Amino acid sequence: MDLRKIDDRISVTPQIQIADLPAIASLGFKTLVANRPDNEEPGQPLMAGIEEAAREHGLQWVYMPVASGNISDDDVERFGAMIRTADAPVLAFCRSGTRCTVLWALSSAGETPAKEIFEKAQSAGYDISGIAPRLAQQAQKNS
């Protein structure tokens with residue numbers, strides 16, 4: 001696993017495996033969020049299996065699939081509402097972790113200064129500078 005902490009509330013990671021669930025639970029995560037649709041690429045584990053293992057390890061499960069490169073305003077709103085109410089800390093995963101980071105960033109816009117959002121993403125190893133215009137629009141919308 002390649003866990004990357006964004007802040008005290010959320011961390012992100014590339015695709016996890018069912019065998020990772022004991023470690024995820026032992027690290028104290030309370031909620032597991034899947035932002036990756038089933039069958040996005042051959043060989044990825046099915047979400048139903050990850051969900052079952054997550055629940056067996058006492059984790060809350062949220063399946064919120066988002067198509068890579070196609071994050072809608074509705075996706076951002078749903079993610080933001082979920083992250084504000086989920087039991088923390090939250091671990092979100094997708095293929096690489098970027099999609100989860102972008103969802104977090106856009107849902108944080110307006111509440112968190114853009115500079116801080118970019119710094120947190122960069123510290124976690126994600127360059128989200130390409131979403132700067134959309135982040136500015138989202139901040140105006142959320143404020």
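I counted as a salt bridge a side-chain nitrogen of Lys or Arg within 4 Å of a carboxyl oxygen of Asp or Glu, and on that definition the structure holds 15 salt bridges. This is a predicted model, in which local features need pLDDT of at least 70, side-chain atom pairs count only at pLDDT 80 or more, and totals for chains, interfaces and linings use all residues. Residues are numbered from 1 along each chain as its sequence is written, and side-chain values use heavy atoms, with hydrogens and water left out.

I looked up Lys120 and found a salt bridge to Asp7 at 3.7 Å, N to O. Lys120 lies in helix H5 (residues 114-123) and Asp7 in the loop between strand S1 (4-5) and strand S2 (10-13), so this pair ties together parts that are 113 residues apart in sequence; helices (H or I, at least four residues) and strands (E, at least two) are DSSP runs, numbered from the N terminus. Lys120 also meets Glu116 in a salt bridge, at 3.2 Å, N to O, and these two residues are four apart in helix H5, about one helical turn.

I then checked accessibility, where buried means under 20% relative accessible area, exposed over 50%, and partly exposed in between (1.4 Å probe, protein chains only). Lys120 is partly exposed at 22%, and Glu116 is partly exposed at 32%.

Next I noted the salt bridge of Lys141 with Glu77, whose closest N and O atoms are 3.6 Å apart. This pair links helix H6 (residues 132-142), which holds Lys141, to helix H3 (residues 73-85), which holds Glu77, across 64 residues.
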